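Here are my notes on the model, point by point. Have it open beside you as you read.

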Amino acid sequence: VKWFGDPWPSDELRASVCESPNDRVGTPEGEPCLWCDEPIAENDRGVILPVGDLDSDGRFFTTIRPCHIECNVRSVVGSLDHLTGHCSCSGKEPVSGLSSREDALAVWDWVQSHG
Ligand SMILES: [Zn+2]
Ligand SMILES: [Zn+2]
């Protein structure tokens with residue numbers, strides 16, 4: 001997997017995805033994040049993912065899309081409301097009212113402190 005930005009969570013303690021400097025690519029500044037749709041900013045960190053889609057003739061093709069690392073984690077673990085038991089899975093209404101990007105940053109913090 002290609003990654004961009006500073007290594008996370010820190011330069012010394014790298015997550016397996018950003019272990020190899022050979023896989024590091026330039027930050028795709030201005031391209032929309034696959035998950036939150038907000039443009040990647042100069043100092044953002046993330047990965048480049050292959051995404052499958054169907055063209056107008058129904059043929060399968062793959063494109064590569066950048067995404068924020070925080071948004072990618074959220075896509076795996078779920079929203080903050082989900083993690084804290086405030087979503088439809090628990091039969092409750094969401095409470096956070098955050099945008100996807102804000103929620104992803106909140107989830108990132110939650111994961112760092114809860115493991
Ligand atoms: Zn994002
Ligand atoms: Zn849920």
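1. Disulfides: I get 0 of them, taking a disulfide as a pair of cysteine sulfur atoms within 2.5 Å. Bear in mind that this is a predicted model, where local features need pLDDT of at least 70, side-chain atom pairs count only at pLDDT 80 or more, and totals for chains, interfaces and linings use all residues. Side-chain values use heavy atoms, with hydrogens and water left out, residues are numbered from 1 along each chain as its sequence is written, and chains are lettered from A and ligands numbered from 1 in the order in which they are written.

2. C18 is buried at 0% relative accessibility, and C67 is buried with a relative accessible area of 0%; buried here is under 20% relative accessible area, exposed is over 50%, and partly exposed lies in between (1.4 Å probe, protein chains only).

3. Which residues hold the zinc ion (ligand 1)? The protein donors are C33 (SG), C36 (SG), H68 (ND1) and C71 (SG), at 2.0 to 2.4 Å. Donors are N, O and S atoms within 2.8 Å of the metal (3.2 Å for Na, K and Ca), and water is not among the atoms, so sites may look incomplete. The 4 donor atoms make angles of 102 to 120°, a tetrahedral site (for four donors, all angles between 85 and 135 degrees). For reference, the ideal angle for four tetrahedral donors is 109.5 degrees.

4. The donor spacing in sequence is C-x2-C-x31-H-x2-C. C36, in the loop between strand 1 (2-4) and strand 2 (46-54), and C71, in helix 1 (residues 69-77), are 35 residues apart and link distant parts of the chain. Helices (H or I, at least four residues) and strands (E, at least two) are DSSP runs, numbered from the N terminus. C36 is buried at 10% relative accessible area, and C71 is buried at 3%.

5. On to the sheet: it is open, with 3 strands in the order 1-2-3 and antiparallel pairing (a pair needs at least two DSSP bridges). Strand 1 and strand 3 (60-68) are the edges, each pairing on one side only. Between strand 1 and strand 2 there are 3 bridges, and W3 stands opposite V47 in strand 2.

Conventions: Four donors count as tetrahedral if all angles lie between 85 and 135 degrees; four count as square planar and six as octahedral if opposite donors are over 155 degrees apart and all others between 65 and 115; anything else is irregular.
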